[in-house]
Amino acid sequence: MITGELKNRIDRLWEMFWTGGITNPLDVIEQITYLMFVRDLDSLDSIRQKESLMLDIQYQSIFDTGHQDCRWSSFRHFEAAKMYTTVQEKVFPFIKNLHADKDSAYSKYMTDAIFKIPTPRLLESIVSEFDSFDWQDKDIKGDVYEYLLSKLATSGTNGQFRTPRHIIKMMVQLLAPKPDDTICDPACGTSGFLVAAGEFLRNNHHDEIFFDEQNKEHYNNNMFWGYDMDRTMLRIGAMNMMTHGVENPNIFYRDSLSDQNIDENKFSMILANPPFKGSLDYDGVANNLLKMVKTKKTELLFLALFVRMLKVGGRCAAIVPDGVLFGSSQAHQAIRREIIDHHRLDAIISMPSGVFKPYAGVSTAIIIFTKTNHGGTDKVWFYDMKSDGFSLDDKRTPLAESDIPDIIARFKTLGQEEKRERTEQSFMVPKAEIVANGYDLSINKYKKVEYVAEEYPPIHEILAEIRNIEAEITKGLDELEGMLK
């Protein structure tokens, strides 16, 4: 989560670029990302070298003979002119040609990487400011991206604000990826969901993946897929995945909702927060999506897309605006009916409206379902999240209380949730009741409010009290009038 100190550091960095002549926000973000990537390469290589010594296994450093100056830990000590020449003439050509597979996503989006910092003095100041960041904090890169993206003038309308990392982690933990999963985010941005899924797998299935050649090959080359229509986001996403240990993620430029995307019955897991502030022309939408739900609304089309892209047995966790849950249009009802009747709707987690502040105040929910093609919805689990661990104002101050651990624990033991009352924070609702309510999935439709009876004095006592107050007011006015005579 962004802190005041981190904001100040990023603001200083941003100001350095602007006063140095780089005024395009996307250029600033790209240059910062390249430098973060270069620093990460050095750090990651050093860690792997140490691990190889400890485990007595062979490791070939990426900074072989002739590339030692490309290490961040080396050129950061150079005087300004030499540092500038090194980064421009050695470091950038090095990272552009780093990946052996020229058809990889990394190579594809790094071939046009350009070093744009104009002067040695500016580069020296930026590198010095970089070294003041606490890079030991695992979340700092995501936090930096989040704050940088918030500075884009288009961030509020194009949906380019980052999903909070703790929400991403929660969604990944709810689906709990396994080594044989194939995971996709059709609106991947900076690859936050894919990175979090990779981290979960490394933490929970490390030996199963990395001590098995087949699983390791799958993890590095075929497990992770992401699509986006912003080349800057794709470049950032590819670098983000690589620095998190995925050698060849499948990150592609693609309009996921168009005929350009032919994926069908392909993935075992989808994790996404698709853009839901937009309306498309029918001509730009794949016909098989329109057959499922005739609409121009992106939030409904993406749900139809998730259904199409999943294999039978595949699972999805996606963030949707609240309107998807209770919208009364034919299209809204059609997509809800599709998921509930033809597949298995597992859960609806209602989130408070402040989760995306300060970038957006929209009310959202997480929808979790499994593709079956033959129904299976019996009871749907609803959870009313009241706190995500941060204040719900623009400051998003950390709080001691959070519902997230409770959500994860209860989702893993759904059988015990059937005993819960509708007055509690989570409960089950039978499919028949949902159907009877027009497939409405708003938690307020089913949650019961428990009213606590208040006891009041008898009416004659209240009237007597009012008369006493009235008498005191009259007496006060009489005294005031007497003083004025």
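Tutor: Let's start with a word we'll need a lot: buried means under 20% relative accessible area, exposed means over 50%, and partly exposed is whatever falls in between (1.4 Å probe, protein chains only). Residues are numbered from 1 along each chain as its sequence is written, and side-chain values use heavy atoms, with hydrogens and water left out. This is a predicted model, where local features need pLDDT of at least 70 and side-chain atom pairs count only at pLDDT 80 or more, while totals for chains, interfaces and linings use all residues.

Student: Okay, what is the chain built from, and how much of it counts as buried?

Tutor: It has 20 helices and 9 strands. Those are DSSP runs numbered from the N terminus: helices are H or I with at least four residues, strands are E with at least two. Of the 485 residues, 52% count as buried. The C-alpha atoms fill a box of roughly 95 × 75 × 50 Å along the principal axes.

Student: What makes the contact between Glu-30 and Arg-235 a salt bridge?

Tutor: The rule asks for a side-chain nitrogen of Lys or Arg within 4 Å of a carboxyl oxygen of Asp or Glu. Here the N to O distance is 2.0 Å, so the pair passes. Both Glu-30 and Arg-235 are buried. In the whole structure, a search finds 21 salt bridges.

Student: Why do we say that this pair ties parts of the chain together?

Tutor: Because Glu-30 sits in helix α2 (residues 25-55) and Arg-235 in helix α13 (residues 231-243), the pair joins parts that are 205 residues apart in sequence.

Student: And what about Asp-406 and Arg-410: how far apart are they along their helix?

Tutor: They are 4 residues apart in helix α18 (residues 404-411), which means about one helical turn between them. Asp-406 has 28% relative accessibility, so we call it partly exposed. Arg-410, with 21%, is partly exposed too.

Student: Which residues make up the salt-bridge network there?

Tutor: Asp-406, Arg-410, Glu-417, Arg-420 and Glu-424 are linked in a network. One of its links is Glu-424 to Arg-420, with the closest N and O atoms 3.1 Å apart. At 28% relative accessible area, Glu-424 is partly exposed.

Student: How do you know how many disulfides there are?

Tutor: You look for pairs of cysteine sulfur atoms within 2.5 Å. By that rule the count is 0. Take Cys-188: the nearest cysteine sulfur, that of Cys-184, is 8.1 Å away, and Cys-188 is in no disulfide. For Cys-316 the nearest is also the sulfur of Cys-184, at 10 Å, and Cys-316 is in no disulfide either.

Student: Why is Cys-316 called buried?

Tutor: Its relative accessibility is 0%, so it counts as buried. Cys-188, at 5%, counts as buried as well.

Student: What makes Ile-469 part of a nonpolar surface patch?

Tutor: Patch members need over 30% relative accessible area and no salt bridge; nonpolar side chains (Val, Leu, Ile, Met, Phe, Trp, Tyr) are joined within 5 Å, like charges within 9 Å. Ile-469 has 42% relative accessibility and counts as partly exposed. It lies in helix α20 (residues 459-484). Ile-473, Leu-477, Leu-480, Met-483 and Leu-484 complete the patch, which covers about 680 Å², with areas from the Shrake-Rupley method.

Student: Which residues form the negative patch?

Tutor: Asp-180, Asp-207, Glu-208, Asp-212, Glu-213, Glu-217 and Glu-247. Helices α11 (206-210) and α12 (213-221) each give two or more of them. Glu-208 is in α11, and at 44% it counts as partly exposed.

Student: Last one: why does the phi of Asn-265 get a mention?

Tutor: Because most residues other than glycine have a negative phi. Asn-265 isn't a glycine, yet its phi is positive, about 50°. It sits in the loop between β3 (250-253) and β4. Tyr-439 has a positive phi too, about 60°, in the loop between α19 (431-436) and α20. Asn-265, at 41%, is partly exposed, whereas Tyr-439, at 10%, counts as buried.

Note on methods
Areas by Shrake-Rupley, 256 points an atom, 1.4 Å probe, with all protein chains shown as cover. Lys, Arg positive; Asp, Glu negative; His and termini not counted. Charge placed at Lys NZ, Arg CZ, Asp CG, Glu CD.
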